[in-house]
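Please consult the sequence and the coordinates alongside the text.

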Amino acid sequence: MVLTASTCRTETVFDYSWKHVVSAYWNRYPNPSSSHVLTEDTIRREVRDGKLYSRRLLSKTNPVPKWGARFYNNVPVKIVEDSVLDPVKKTFTTFTRNLGMKKIMKVDEIVVYSEQRDGRTLAVRRAFISSQVFGFSRAIRAFGIERFKLNGNKASSGFNYVLRRMFPQHQLQAAASTVNPQQNTADVALATTTNHSSSSKSESLKRTAKVGYEFCKSHASKIAQLFSVRN
Amino acid sequence: MNSIGDDCNELKKQYDACFNNWFSERFLKGQTNDSVCAPIFKVYQECVKRAMREQKIELREIETDYSTGPTEYDNNNIGGSSPGAGASKQQGKS
């Protein structure tokens, strides 16, 4: 079991009260950014000690390109989401992870929604990505999932759309913004090939390695996107 | 949003409507009794579980207790903890 994971943390502020955010959360699909989400079911739910525990099962389309066929069949990806909502402390924690295909890649995401002093809602999202496929695992460790991180800004747009539609009169400030995206990878020592080498043999070797590496990197981020539910 | 079972869509719609109303009108106002949606939830669950079995969705991993963090990264001090007695099994075979 590969335990080394790349982690990535983003913070998003929603311009709505915590109560509005958590109410909209259960209704965030479908939205214009969620065309990849096919189904959504609550498969368990109860109140314990005044807190609401829910488990939901989501399925996402699997836009498998040709290269992916050798890893898995073209079936929708299943994602499980557990959540705990504390109405007294006003915290809502969601934990999503992919069901199956974990050797190829595991994407665990935790989002904590809490009330800010100014009445708006802060969402702190952490993603842990790991793989037992060597090329992927190396790409993830070295670079984190760049696209995954970059898309942080887009991530909340689908949810914001639902919030605006449900609570048109309750927006507290301007549009939501993603602040302070940061990434910590376990190993950032692997550098990309630079063009300063003089030996042509090592040059071509490096080029080949780089092509293979870019392949893994781009596919690793595609799979990570597939297993993620941010919209 | 659709259910995983085509024949569960109507039940899901009814349950979601019941839940949304209960959630904002009761639960967020301090009433924790959730019995009002229990009957429709039960019927909806039977439908979904059947659909999951038909689609061969691994139920073993889904039947563990709720979890709010990947247990193998505990040293990262993840917010939230696994509630209840049953520890979650995150490391099931894939």
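The buried residues of helix 5 of chain A pack against strand 1 (6-14) and helix 1 (18-25) of chain A. Helix 5 covers residues 157-166, and its buried residues are G158(A), F159(A), N160(A), V162(A) and L163(A). A residue is buried if 20 or more other C-beta atoms, placed from the backbone, lie within 10 Å of its own. Helices (H or I, at least four residues) and strands (E, at least two) are DSSP runs, numbered from the N terminus.

This is a predicted model, in which local features need pLDDT of at least 70 and side-chain atom pairs count only at pLDDT 80 or more, while totals for chains, interfaces and linings use all residues. Residues are numbered from 1 along each chain as its sequence is written, and chains are lettered from A and ligands numbered from 1 in the order in which they are written.

Chain A contains six helices and eight strands, arranged along the sequence as β-α-β-β-β-β-β-β-α-α-α-α-β-α. Of its 231 residues, 40% count as buried.

The largest nonpolar core has 34 residues, and M105(A), I129(A), A220(A), A224(A) and F227(A) touch the most other members. Such a core is a set of buried Ala, Val, Leu, Ile, Met, Phe, Trp, Tyr and Cys residues joined through C-beta atoms within 7 Å. Elements of both chains supply at least two residues each, including helix 6 (200-226) of chain A and helix 1 (9-25) of chain B. Helix 6 of chain A gives the most, with five residues. Another core, of 20 residues, lies apart from it and includes Y16(A) and W18(A).

The contact between the chains takes 41 residues from chain A and 33 residues from chain B; two residues are in contact if their C-beta atoms, placed from the backbone, lie within 7 Å. On the side of chain A that touches chain B, strand 2 of chain A provides the largest share, eight residues.

Within chain B, helix 1 and helix 2 pack at an angle of about 145°, with their axes 9 Å apart. Axes are lines fitted to C-alpha atoms, for helices over the stretch in contact, and angles run from 0 to 180 degrees between N-to-C directions. The residues that make this contact are listed below.

| Element | Contact residues |
|---|---|
| Helix 1 of chain B | L11(B), K12(B), Q14(B), Y15(B), C18(B) |
| Helix 2 of chain B | I40(B), F41(B), V43(B), Y44(B), C47(B) |

Definitions and conventions
Buried ≥ 20, exposed ≤ 12 C-beta atoms within 10 Å, placed from the backbone.
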